[in-house]
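Thank you for making time this morning. Please have a look at the model on the screen before I start.

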Amino acid sequence: MKDFPKYLLSRVGLPESHTLRTYRAQGGYAAIEDVLKKPWTPEQVIGVMKDSGLRGRGGAGFPTGMKWSFMPDITKDPRPRYLAVNADESEPGTCKDRVLMEKDPHGLIEGCLIACFAMRAKAAYIYVRGEYRLSYNRLQAAIDEARAAGLIGKNILGTDFSCDIWMHKGAGAYICGEETGLMESLEGKRGHPRPKPPFPAGSGLWKSPTTVNNVESIFNAPFIVKNGAEWFKSMGVPKSTGNFLLGISGHVNKPGVYELPFGLTARQIIDEVAGGVWKGRKLKAFFPGGSSTGLLPASMADVVMDHDSVKAAGSMFGTAAMIILDETASIPQVMDVTARFYDHESCGQCSQCREGTQWLHQIFRRIAHGKGSMADLDLLVSLSNGMAPAKTICALADAAAIPTLAAVKHFRHEFEECIRLGRDPLRQDTQHAPELHEAHA
Amino acid sequence: MALPQKLHDEFTELVTHYPERRAGLIPALHRCQEELGGWLSPQTIEDVAAFFGLEPVEVFGVATFYPMFRLTPRGKHLVSVCHNISCTLRGAEELLAHVCHVTGSPVGGTSPDGKFSVVRVECQGACANAPMFDLDGVYHEDLDRAKAEQILRSCK
């Protein structure tokens with residue numbers, strides 16, 4: 001693979017990479033200093049973010065600069081405004097933001113300051129999933145260091161810019177990664193997503209204008225401000241610019257989190273970045289961007305890994321969390337596991353999702369255990385079409401239904417074989433743990 | 001009963017981070033769980049409700065929504081084994097069976113000596129280092145049976 005410039009992970013390997021001292025030695029906080037002292041206008045910051053073409057790294061790929069520009073005009077709307085950083089990384093297969101938060105927390109803090117300046121936000125709340133204790137502790141320590149250095153709080157760097165950054169811990173609910181579920185949770189409630197409109201920029205946290213951005217999106221901001229939109233656009237492909245963090249897991253020799261430019265094929269990533277499919281086996285299928293993105297068969301591994309190409313192939317780039325399945329993997333078993341997840345995580349507000357995720361799970365489970373019927377395959381399809389697209393308050397129902405349709409489309413023969421044989425020929429008999437009735441945390 | 005003074009003081013500071021007091025609720029429940037025996041007792045729920053000016057049922061409704069909050073007592077050590085897709089592909093079920101064997105706890109229960117509780121959990125964001133478990137708030141990754149056993153046996 002050709003060499004390419006890297007920036008996202010440029011500091012993570014340094015000794016004490018999480019400290020202010022290391023961050024400063026690498027030119028850290030120079031971008032916010034430039035913004036405040038030159039000074040830039042908030043509109044100029046939003047302008048460079050827009051021009052860079054940065055697309056959000058939290059799954060939807062929405063342009064970050066455009067999202068920032070949705071915040072209302074401060075001269076007409078004096079309500080306090082907020083940034084919420086979505087650090088509730090919970091999409092199965094996704095483990096990238098954790099690397100940034102544990103190893104380079106000051107990069108995220110500087111990004112928050114730039115974003116808050118651009119959107120005239122009074123404060124940023126970093127909503128970290130409760131399980132990420134090290135991320136939380138590292139970020140809290142970094143916030144304390146930055147506050148002591150006059151980088152957070154009142155009159156930052158002696159200017160009239162004031163901004164607070166607060167840590168906030170979630171408690172294990174996947175749905176709080178959905179932006180309106182996140183806001184409900186941050187307000188101290190059950191994480192029930194809100195109907196849209198109103199959109200967060202109009203009425204978000206405490207009914208104030210709010211923007212919710214993914215960790216990696218915010219982390220890109222200081223680099224873009226420092227190096228410019230042209231630099232950013234020189235990387236990647238025209239409609240997906242910059243580098244991204246890839247998480248790759250499952251049946252590969254070198255699972256990991258890697259910084260890559262857009263434009264490589266899935267096959268190149270599997271073979272040249274992740275060391276190939278493990279144990280010398282062949283590729284069967286892969287999730288391109290987390291378990292909510294439709295499974296693609298090995299025959300489609302030449303798809304280019306960028307937002308639009310993966311979409312054209314019938315799936316989604318998502319959070320760039322590739323999950324690799326080798327030839328021995330059982331698709332019915334894989335779908336049983338992923339359907340169980342959505343069943344567990346549905347918040348229960350919408351009946352299509354509350355009931356649908358449970359049905360999908362039960363059907364996949366019985367097929368995977370050799371108790372399915374051929375009619376079940378049509379039932380999976382009709383149920384999924386009743387759940388998605390866009391039939392519910394949020395996209396969790398879609399996240400369960402769309403991969404179901406993809407699995408039945410590409411791997412119908414595997415489900416049919418399980419049903420015909422009355423067992424899953426690929427299931428390996430493993431030890432089973434003894435379970436009490438209430439088995440799930 | 002009321003919250004211990006230390007927690008009361010912490011929460012009094014915590015709520016200053018937000019324009020509305022209630023926003024401190026979930027972080028406060030975490031702290032209570034950490035400090036008060038690893039679970040949220042009915043008494044704790046009442047005390048937290050009183051602090052936030054909420055009805056206990058409202059706090060209970062929040063606590064039951066979030067999988068990290070435990071409403072029943074557990075063993076001294078909590079082992080949370082990820083059973084989501086990336087971990088399953090790399091042997092999570094075998095790992096879980098072994099964890100139960102070593103600790104003497106069934107999944108969703110507690111060992112007879114009260115030392116360990118074992119639960120299944122969904123994706124913990126350690127997918128590139130699967131399989132894994134969280135032991136008392138610390139991730140242990142790239143596990144195999146031997147490594148898991150060594151970690152569990154070193155628990156006091």
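This is a predicted model: local features need pLDDT of at least 70, side-chain atom pairs count only at pLDDT 80 or more; totals for chains, interfaces and linings use all residues.

Residues are numbered from 1 along each chain as its sequence is written, and chains are lettered from A, with ligands numbered from 1, in the order in which they are written.

Chain A is assigned domain 1 (20–234), domain 2 (237–326) and domain 3 (331–421), with bounds that come from an automatic or database domain assignment. Between domain 2 and domain 3 of chain A the C-alpha centres are 23 Å apart, and 10 residues of domain 2 of chain A are in contact with 10 residues of domain 3 of chain A, contact meaning that the C-beta atoms of two residues, placed from the backbone, lie within 7 Å. On the domain 2 side of that contact in chain A there are 4 nonpolar, 6 polar and no charged residues; here Ala, Val, Leu, Ile, Met, Phe, Trp, Tyr, Cys and Pro count as nonpolar, Asp, Glu, Lys and Arg as charged, and the others, Gly among them, as polar.

Turning to chain B, we find 7 helices and 5 strands, taken as DSSP runs numbered from the N terminus, with helices being H or I of at least four residues and strands E of at least two. Their order from the N terminus is α-α-α-α-β-α-α-β-β-β-β-α, and the C-alpha trace of chain B spans about 50 × 35 × 25 Å along its principal axes. Of the 156 residues in chain B, 49% are buried, that is, they have 20 or more other C-beta atoms within 10 Å of their own, with C-beta atoms placed from the backbone.

Which elements of chain B give two or more residues to the side that touches chain A? Overall, 45 residues of chain B are in contact with 56 residues of chain A, and the elements in question are α2 (25–35), α4 (56–65), α5 (85–89), α6 (92–103) and β3 (116–121) of chain B. The largest share, 5 residues, comes from α6(B), and the side of chain B that touches chain A divides into 25 nonpolar, 13 polar and 7 charged residues.

Definitions and conventions: A residue is buried if 20 or more other C-beta atoms lie within 10 Å of its own, exposed if 12 or fewer, and partly exposed in between; C-beta atoms are placed from the backbone.
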